[in-house]
Amino acid sequence: MLLVKNGRVVDPARTMDATLDILLDGERIAEIAPAGKISSSNDFEVFDAAGLIVAPGFIDLHAHLREPGHESSETIETGTRAAARGGFTAVCCMPNTKPVNDSASVTRFILDRAKTGASVRVWPIGAASVGSKGEAIAEIAAMKEAGIVAVSDDGKPIATAKLARQVMDYCCSLDIPVIEHAEDVSLAAGAVMREGVTSTRLGLAGMPAAAESVCVARDVQLAELTGARLHIAHLSAKESLEQVRAAKQRGLRVTCEVTPHHFTLVDEDVKYDSSYKMNPPLAAREDRDALLTGLADGTVDAIATDHAPHEPALKDVEFDRAPFGITGFETALSVALEQLVHTGRVPLMRMVELFTSGPARVLGLERTIAPGQPADLTIFSFGKTWTYNVKESASKSRNSPFDGRSFKGGPVATIVAGRLVDVKTSHDEQV
């Protein structure tokens, strides 16, 4: 049993913000009470969270763990260790592995590996099409039975409107979301960053914002046609956000996520450094400002990292030749505090929602601190300053644009199924 005492408990699902003690009994929450009201016992392990914020366990809807097939860049073991270090208690891993997770056997392989080597919960996402090739629908029902929580052809969109409709129809009957990497591949072909003044100055091929929003428009209409649960991954464009907002107002089951790098950095920040190369690319300042508005007003459902590790040999090349993607587990919370809470744009409760009950709702789950609920907690500091050193990352990869950046506040301890899987030693402060 583990007693987490004296923490400021922030739980958006219950609109709770109070100093409380939480008793964890094995994999479940046993009791919650005002500070000092739970009788301590020699049988308890005690974590003193005085001066810290205790939240429901953070969920990352969008990550790449690279196993099977790309273990030189990441494994389930190293990726989930980095996730735990960043405060995440569950990660949804995308299917663009080798082989692609398009069958129950690959899904079971991932879950079996997670049982023996993962620091946090691993929730696989299955491919929407066979091999993610966009030609034929994958074995979605069999994968759901094996343990997937959603489907996606992430890394690229579902190739055609006809196939997207079939996938949505099928997933509607199974009641799982379709997660879309929204991109019109004909508009994005050959591009390595967002089209604009900076791409022209750098001499790099750019893709217009419409490459994303055109695909979002297609999929929102198909979601209306089929009644499916549609989730737009790593949304980056103002026009895309407006379409999601309008879809919600019409009562459609459409949700979206935004990454920390898209609500922090802009295309003007791009330089000849592949740690600034991701897909969708860093957008214009007006897009970034629209995302910040969407995070504040409830249009955006979740913050997701799109943690996309690549071994240094792949990234340490010319910008044009490098693969898309950056790491994100270890900096997400601190970037969110920096950009959203410390600036006054978003209340702390809302920021926690974007990491907890927000992503849980996308998956049709509950995320709250209550007796009987899973003993998953994220404990973080609000104001302790620290500097991110990518060389000390738990990930196998080093492709982060936030290397050397100083932050105010960040993860302190991560508890999964009642077990401390990551804890920092020095964390005293007032919140």
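**Cis peptide bonds, helix packing and local backbone features**

Proline 280 lies in the loop that runs between strand 14 (254-258) and helix 9 (285-297). In this predicted model, the peptide bond leading from asparagine 279 to proline 280 is cis, with omega near 5 degrees. A cis peptide bond also joins lysine 98 and proline 99, where omega is about 5 degrees. Proline 99 is placed in the loop between strand 7 (88-93) and helix 2 (104-117). Most peptide bonds are trans, and most residues other than glycine have a negative phi.

The confidence of the prediction was considered next. The mean pLDDT of the protein is 96, and 99% of its residues reach 70 or more. Over residues 427-431, however, pLDDT stays under 50. For this stretch the model has 18 contacts beyond four places in sequence. Where pLDDT is low, the predicted coordinates should not be read in detail.

Histidine 234 is not a glycine, yet its phi is positive, at about 30 degrees. The residue belongs to the loop between strand 13 (230-232) and helix 8. Histidine 234 is buried, its relative accessible area being 2%. Alanine 417, likewise not a glycine, has a positive phi of about 55 degrees. Its place is in the loop that links strand 17 (406-416) and strand 18 (419-423).

Two packed helices are described by the angle between their axes and the distance between the axes. Helix 7 (residues 210-226) packs with helix 8 (residues 238-249) at an angle of about 15 degrees, and their axes are 8 Å apart. Angles under 35 degrees count as roughly parallel, and helix 7 and helix 8 are therefore roughly parallel to each other. The crossing in which helix 7 passes helix 8 is right-handed. On the side of helix 7, Glu212, Ser213, Val216, Ala217 and Val220 take part, meeting Glu239, Ser240, Gln243, Val244 and Ala247 of helix 8. By class, the contact of helix 7 with helix 8 comprises five nonpolar, three polar and two charged residues. An α-helix has 3.6 residues a turn, so residues three or four places apart point the same way.

The axes of helix 8 and helix 9 come within 8 Å and cross at roughly 25 degrees. Helix 8 contributes Lys238, Glu239, Leu241 and Arg245 to the contact, while helix 9 contributes Glu286, Asp287, Ala290, Leu291, Thr293, Gly294 and Asp297. The contact of helix 8 with helix 9 has, by class, three nonpolar, two polar and six charged residues. Glu239 of helix 8 is listed in the contact with helix 7 and in that with helix 9.

Helix 11 (residues 332-341) is mostly covered, with 10 of its 10 residues buried. Among these buried residues are Ala332, Leu333, Val335 and Leu337, as well as Ser334, Glu338 and Gln339. Alanine 141 is located in helix 3 (residues 140-146). This alanine is partly exposed, with a relative accessible area of 29%. Beyond the residues up to four places away in sequence, alanine 141 touches Tyr170 and Leu174. The C-alpha atoms of alanine 141 and cysteine 171 are separated by 8.4 Å, although these residues are 30 residues apart along the chain.

Definitions and conventions:
Residues are numbered from 1 along each chain as its sequence is written. This is a predicted model: local features need pLDDT of at least 70, side-chain atom pairs count only at pLDDT 80 or more; totals for chains, interfaces and linings use all residues. Side-chain values use heavy atoms; hydrogens and water are left out. Buried means under 20% relative accessible area, exposed over 50%, partly exposed in between (1.4 Å probe, protein chains only). Helices (H or I, at least four residues) and strands (E, at least two) are DSSP runs, numbered from the N terminus. Axes are lines fitted to C-alpha atoms, for helices over the stretch in contact, and angles run from 0 to 180 degrees between N-to-C directions. Angles under 35 degrees count as roughly parallel, over 145 as roughly antiparallel, 65 to 115 as roughly perpendicular and the rest as oblique. A crossing is left-handed if the near helix is turned anticlockwise from the far one by less than a right angle, and right-handed if clockwise. Contact means heavy atoms within 4.5 Å. Ala, Val, Leu, Ile, Met, Phe, Trp, Tyr, Cys and Pro count as nonpolar, Asp, Glu, Lys and Arg as charged, and the others, Gly among them, as polar. pLDDT is the predictor's confidence in each residue, from 0 to 100.
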